[in-house]
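Biologist: Could you show me the structure, please? I would then like to go through it with you.

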2 protein chains.
Amino acid sequence: MHVKILGSAAGGGFPQWNCACPNCRLVRSGKFPGKARSQAQVAVSEDGKSWFLLGASPDLRSQIEATPELQPRDGTNNSPLSGVVLASADLDHVLGLLLLRELQPLNVYATGSVTRLLREQNSMFAMLNRAPDQVRWRAMRVEESFQLCTLSGQHTGITCTSIPISNRYPVYASNSDPALSPDEALVGLILTSDSGRKMVYAPAVASITQSLREWLEKADLLLFDGTFYSDDELTTVRGSGELAREMGHIPVGGEDGSLRQLAGLRIPRKLYIHINNTNPMLNETSPEYRAVREAGWELAEDGWQATL
Amino acid sequence: MHVKILGSAAGGGFPQWNCACPNCRLVRSGKFPGKARSQAQVAVSEDGKSWFLLGASPDLRSQIEATPELQPRDGTNNSPLSGVVLASADLDHVLGLLLLRELQPLNVYATGSVTRLLREQNSMFAMLNRAPDQVRWRAMRVEESFQLCTLSGQHTGITCTSIPISNRYPVYASNSDPALSPDEALVGLILTSDSGRKMVYAPAVASITQSLREWLEKADLLLFDGTFYSDDELTTVRGSGELAREMGHIPVGGEDGSLRQLAGLRIPRKLYIHINNTNPMLNETSPEYRAVREAGWELAEDGWQATL
């Protein structure tokens, strides 16, 4: 299974448009000991020809142009993308769908609740179904495995399983909608190749559930929530805001952070992804960066790739 | 008045993600005799400190990062952007608003119908009003002038007038909504500085009305619909699709195109903008490019700027 990281930052990217925190100011000046990052986006493929996106980031246009494998070889409406798998309805995870509106046939896999939020509460998504043979919405049931298929229905060699991670819907979703199931708000995605290799994609993790931990024990590659290093990071940098845990993100560091909680797992390759612009570990001379690297983790970067 | 063109292509940009037409293929290979372009985006400012966006393109994040004047100098949530003026509810003109959601106070000027489409038919726009002091929606009445104001209500030296250009709403808008006024679907924007200098921004023009022509006669700078060169351009390149006029765009060339229709006007500076990836005038060795240049027009480019 080929895995490509097209973007590795949290919503807003790094730098973020209206932020001049020390990280953002330095990276704009070209003097930051670390890398700029576009918003989190991963693509996977078994055969290197038919690709699937995990989420659809707002930076998708430039991410595709930076990735020759995802560009059409000839003709019009002839993309190597077969589909998109959605883990949530967060804006930084779904807005890119609207960039894929140019009459392109695509399979979009999402839970019933996420599909409902997009298609019934946001009329713009009708642009994905202007033509009869455009986006096909496929219902993804949590904890049931399904095959990622080409548009002609052929199995591509990757099986996907989604597991509930958080019952938190985006702020824009009407909380009073009884049709939104708590289990379907935000899922982790487990991708298994026909040869048995496993990748876990969990860019937003409120807490490490027993089910998630069991999957992590079997993973060959883990891309895990690296949004914030500490619980009070946003309030410290901005002077106001929510705690990381209040926003549905377990911090990396600290007594109860993911570094400690996952220390016992022997995963061959593990990366933090969805890194917020305020996160001190972005600075490669920081003690936080060192702590992460010494614990055997990598920081996801735009352009990173691996074959499992 | 300072004018900056941050993006100059039609929806999808150039190259377009799922297109390998001759233009897109060549520009990706680096061998195209012309320039890549991000999606149409213009910014204006009288004092060079407080800026207004005309529309909000999906490429806004990278466009702001390419434009130091639009970046915050210090602190967080401290952008030099004061507001956004919307000419329509087209996706390539409004999606960028959702990228400006990081708790930033902004004035957004739009017609009542466009505001209704965004806020009442698309729940995601609630992200612009999470905090009490975030986006302030200002009603823009067609053919009435209003001052572009800072967040504290101060006049910035630019007056804006909107004139009806087309009664065509985007495909995603419900045509049966009687609250959508035909006059408010798509407007041209006329920006006048206190010293009397005038710019006309009309990136989508279905036909050149008498009212538009009268404004054009007074313009110092014109940014005009350059989407398609010929009426059947899309059907020729793609083998299917709509005619330019059916999509609400007067073509540049031909008997009844904008080149001929506007030939009699003596506008000091006039540029075609919102140029589609299929447009042959993108190729600077083409007869179409030559025809446009010989008629005194320029092609808008990302990064172009002028002071009126």
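Biologist: How much area do chain A and chain B bury between them?

Modeller: In this predicted model, chain A and chain B bury about 4600 Å² between them, with 58% of it on carbon and sulfur atoms. Buried area is the accessible area (1.4 Å probe) that two parts lose on being put together, summed over both.

Biologist: Which residues of chain A lose the most area to chain B?

Modeller: Trp17(A), Arg61(A) and Met124(A) do, and together they account for 21% of what that side buries.

Biologist: What conventions apply here?

Modeller: Residues are numbered from 1 along each chain as its sequence is written, and chains are lettered from A and ligands numbered from 1 in the order in which they are written. In this predicted model local features need pLDDT of at least 70 and side-chain atom pairs count only at pLDDT 80 or more, while totals for chains, interfaces and linings use all residues; side-chain values use heavy atoms, with hydrogens and water left out.

Biologist: How many salt bridges are found across the interface of chain A and chain B?

Modeller: The rule, a side-chain nitrogen of Lys or Arg within 4 Å of a carboxyl oxygen of Asp or Glu, finds six salt bridges there. One of them joins the side chains of Asp59(B) and Arg61(A), at 3.3 Å from N to O.

Biologist: By class, which residues make up the side of chain A that touches chain B?

Modeller: That side has 24 nonpolar, 17 polar and 14 charged residues. Ala, Val, Leu, Ile, Met, Phe, Trp, Tyr, Cys and Pro count as nonpolar, Asp, Glu, Lys and Arg as charged, and the others, Gly among them, as polar.

Biologist: Changing topic, is Lys4(A) buried or exposed?

Modeller: Lys4(A) is buried, with a relative accessible area of 9%; buried means under 20%, exposed over 50%, and partly exposed in between (1.4 Å probe, protein chains only). Lys4(A) lies in strand β1 (residues 2-7) of chain A, strands being DSSP runs of E with at least two residues, numbered from the N terminus.

Biologist: Which side chains are in polar contact with that of Lys4(A)?

Modeller: Its side chain meets that of Glu69(A) at 2.9 Å and that of Gln305(A) at 2.6 Å. A polar contact is a pair of N or O atoms within 3.5 Å; within protein, one must be able to donate a hydrogen and the other to accept it, and residues adjacent in sequence count only if both atoms are side-chain atoms.

Terms used: Helices (H or I, at least four residues) and strands (E, at least two) are DSSP runs, numbered from the N terminus.
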